Amino acid sequence: MTDYNAMTDDEFRAEVRRFVESEYPTHLRNPPNRLHWDEGEEWFRIVQKKGWVAPGWPRELGGMGLDASKQIILIEEYERHGVARLPDHGVIMLGPLLIRFGTEEQRARFLPRILAGEDIWCQGYSEPGAGSDLASLRTEAVLDGDHYVVNGQKIWTTLATDANWIFCLVRTDKAAKKQEGISFLLIDMNTPGVTVRPIINLALHDEFCEVFFDNVRVPKENLVGEPNKGWSMAKALLGFERIFLGSPRQSAYALSRLKTLAERMGVFDEPEFQDRYTKLRCDLEDHKALYETFVAVLRRGESLGADVSMLKLHQSDLFQRITELMLEIGGENAGLLKPMEGNRDLHPAGQFIEARPTTIYGGSSEIQRGILAKAVLELPG
Amino acid sequence: MSATLQDERDEAIRMIRDSAVGIAPRAGDRKRIRALRFKSPGFDPAVWRQMGEQGWIGLRVPEEQGGAGLGMGAFCALAEELGAALAPEPLVPGALAARLLAAAGASAPLEALVSGEALVLAAWQERANSFEVPGTPDAPRLFLPMADGARSFLVPVRAGDGFSLRLQPAEGADLALEPTQDGGSYGTLRPAGGEEVGTVSAAQMEAALEEAALGTAAMLLGVMDQAFAMTLDYLRTRQQFGKPIGSFQALQHRAADLKVQIALSRASVEAAAAICDRGGDREDAPAAQRRAAIARAKARAADAALLVTRQAIQLHGGIGYTDEADIGLYMRRAMVLANQFGSAGLHRRRFAAAQPEVEA
């Protein structure tokens, strides 16, 4: 097995670039929506054959064993090429959690099936009454002999229709303080009592779902870590999500679309447009610089602090401002339901809509500002 | 305007708002809108006929030509109500065609249009985000709203200083349709074989387009006003962290800022309508003053409606990003209307050209 960490960063970057340029299916570049499993499986099989399914997992568990710096390079090269994100909650969220907090049996049972693409995982955290206030979640799991009996509802479960397993935060102690009565439970979605309902989003795509649990019996060995410690386990893994959501990828791609649109509308050389476009370009370059400072923290092997909230806050804002300018200059084209005639990648309305939820999901901008004010600036209240 | 005329104008505006409620209630359910969207023709011909019976399509057409002869204040009030109700029936494009047909004295197609029996669309536009009418005989005419439901198209062709209006039946026409975000469609027409029904001057053409721009601004005002009302309801009822989210100061301040933008939009739209109506004669206001006021109103309404509906989604959180939440319908409508009859940027340039700054 190749020890990628023995390569220099430049060598590794060249290796990744060669791989995606020669093997990534062209028709899957920069898709307008998250791909369903069946749409992206051909790419998964290519990655599987290469042995690159789990970049961050240790090599002895079937991962690439990449250090943080190499993981970032991999992501950057994927993003540069417009590689689609597959249903990857098993690789990105559950795997690292089992590796850190799971039992030997849980690792042996679940990790190989993730690498083989046999189990597709989704994440059951949010609930209708527990969004920004996630710790108030109410889906409960009550121990009954060797099983937990689960009742409740999850929402915004990404690609749940594609998944056969879901990892959930469930309430196991109603008497405890709200963060302290939560456990982390793995549920086979083929168990009787689990129902999935897709939600059509504003992009008219069925990316999210609701998942209902009606007296679902889950073997108690599917609980990860200690009972009532699920909140802190899940939170320990959020840092990576926040740097991922703060990546300049969405804004960089949108800015390139803005330029193409401006050229097509004949306004690219107008001083007024140039002034606004240049400001966005500078914002993007400054964002990349800020992103690099957080990447450097990971490279040093340190963990990210609460200040990583700044990245997601600024990225989502920038992405939205770029797409808002697309709407402003696109004329009537900005009202079209489908991409503009003759260019599948030119869809100002679609990109405007795609940018809307980035300030809502993964901790809304209001929540991120609250974190910054309290945890970073240490303001009172 | 004399006190009596002012009273009459206010009364007409009140009456038109009351009558709008009967056909397109603001707080009505959005089932009708959902049932019509993304299907041909995108609106309900029976409701279009009702609008004709109410005198709305010919609201701006003189009474002696079969219209209601009302002012822009009344037209904007009506457009605002229909915007708030998300009515998909193409009132503003229909009223534009009616204005042009009336100016050209084409009584037969005018009668069919204002009665609501048929939809006639003015096929004036040859470039995206434009406000001028080149009148090229064979050039494709772009962005015809709800073209699938039109009986005929009114194609202006440059003739001397003005335009010859050619009426082309939709049947047999070379028409391509593209769906729009709000569930309607834009048609592209390749004009051929229309029959001249009259002529209009360049000034009449421009005045009619300006009225369409102002009507669209009023519609955007209704869209943002209703989206804001729904958002305030949500802020009052949605609970997180043990209290209504509307109790959080960050969200209160956001709501207050949106209110300011809505108030500015309303003031701008109503001031522009009043300038159009001054003296009771629609041709009375100096053209430059009118143009500047309308351009300002359309620019403000387009920007504010997009801001308010975007923030409405944000303040609704995850549920706001679902298609089943009605608030998204408001953003989609704003996305389409914001750039119809000229974008905010285009109208700001018109404003600057029409109203040069006076040295202090």
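In chain B, helix H1(B) passes helix H4(B) in a right-handed crossing. The model is predicted. H1 of chain B spans residues 3-23, and H4 of chain B spans residues 72-84. The two helices pack at an angle of about 25°, and their axes are 8 Å apart. Angles under 35 degrees count as roughly parallel. H1(B) and H4(B) are therefore roughly parallel to each other. From H1(B), the contact uses B:Arg9, B:Ala12, B:Ile13, B:Ile16, B:Arg17 and B:Ala20. These residues meet B:Gly73, B:Ala74, B:Ala77, B:Leu78, B:Glu81 and B:Leu82 of H4(B). By class, the contact of H1(B) with H4(B) holds eight nonpolar, one polar and three charged residues.

Helix H8 covers residues 249-277 of chain B, and helix H9 covers residues 287-316. Their packing angle is about 155°, with the axes 8 Å apart. Angles over 145 degrees count as roughly antiparallel. H8(B) and H9(B) are therefore roughly antiparallel to each other. Their crossing is left-handed. The contact of H8(B) with H9(B) comprises 17 nonpolar, five polar and four charged residues.

Chain A provides a further pair. Helix H10 of chain A (residues 309-329) packs with helix H12 of chain A (residues 365-376) at an angle of about 145°. The axes of these helices lie 9 Å apart. H10(A) passes H12(A) in a left-handed crossing. On the H10(A) side, A:Ser309, A:Met310, A:Lys312, A:Leu313 and A:Ser316 make the contact. On the H12(A) side, the contact residues are A:Ser365, A:Gln368, A:Arg369, A:Ile371 and A:Leu372. The contact of H10(A) with H12(A) has four nonpolar, four polar and two charged residues.

Domains and annotations come next. Chain A is divided into domain 1 (4-86), domain 2 (121-231) and domain 3 (237-376). The C-alpha centres of domain 2 and domain 3 of chain A are separated by 31 Å. An unreviewed UniProt entry places "domain: Acyl-CoA dehydrogenase/oxidase N-terminal" at residues 10-118 of chain A. This span is 61% helix and 0% strand, and its end C-alpha atoms lie 34 Å apart. For residues 122-216 of chain A, UniProt gives "domain: Acyl-CoA oxidase/dehydrogenase middle", also from an unreviewed entry. Residues 122-216 of chain A are 0% helix and 48% strand, with end C-alpha atoms 17 Å apart.

In chain B, the UniProt annotation "domain: Acyl-CoA dehydrogenase/oxidase N-terminal" (unreviewed entry) covers residues 13-105. Helix makes up 57% of this stretch of chain B, and strand 0%. Its end C-alpha atoms are 27 Å apart.

The two chains also touch. The contact takes 28 residues from chain A and 29 residues from chain B. On the chain A side, the residues divide into 13 nonpolar, nine polar and six charged.

Two backbone features remain. Most residues other than glycine have a negative phi, and most peptide bonds are trans. A:Trp156 is not a glycine, yet it has a positive phi of about 60°. This residue lies in the loop between strand E3 (147-155) and strand E4 (165-171) of chain A. In chain B, the peptide bond from B:Ser40 to B:Pro41 is cis, with omega near 0°. B:Pro41 sits in the loop between helix H2 (31-36) and helix H3 (45-53) of chain B.

Definitions and conventions: Residues numbered from 1 in each chain as written. Chains lettered and ligands numbered in written order. Predicted model: local features only at pLDDT ≥ 70, side-chain atom pairs only at ≥ 80, totals over all residues. Domains from an automatic or database assignment. UniProt positions renumbered as here; feature names shortened; annotations may be inferred. Helix = DSSP H or I, 4+ residues; strand = E, 2+ residues; numbered from the N terminus. Axes fitted to C-alpha atoms, helices over the stretch in contact; angles between N-to-C directions. Parallel < 35°, antiparallel > 145°, perpendicular 65-115°, else oblique. Left-handed = near helix turned anticlockwise from the far one by under 90°. Nonpolar A, V, L, I, M, F, W, Y, C, P; charged D, E, K, R; others polar. Contact = placed C-beta atoms within 7 Å.
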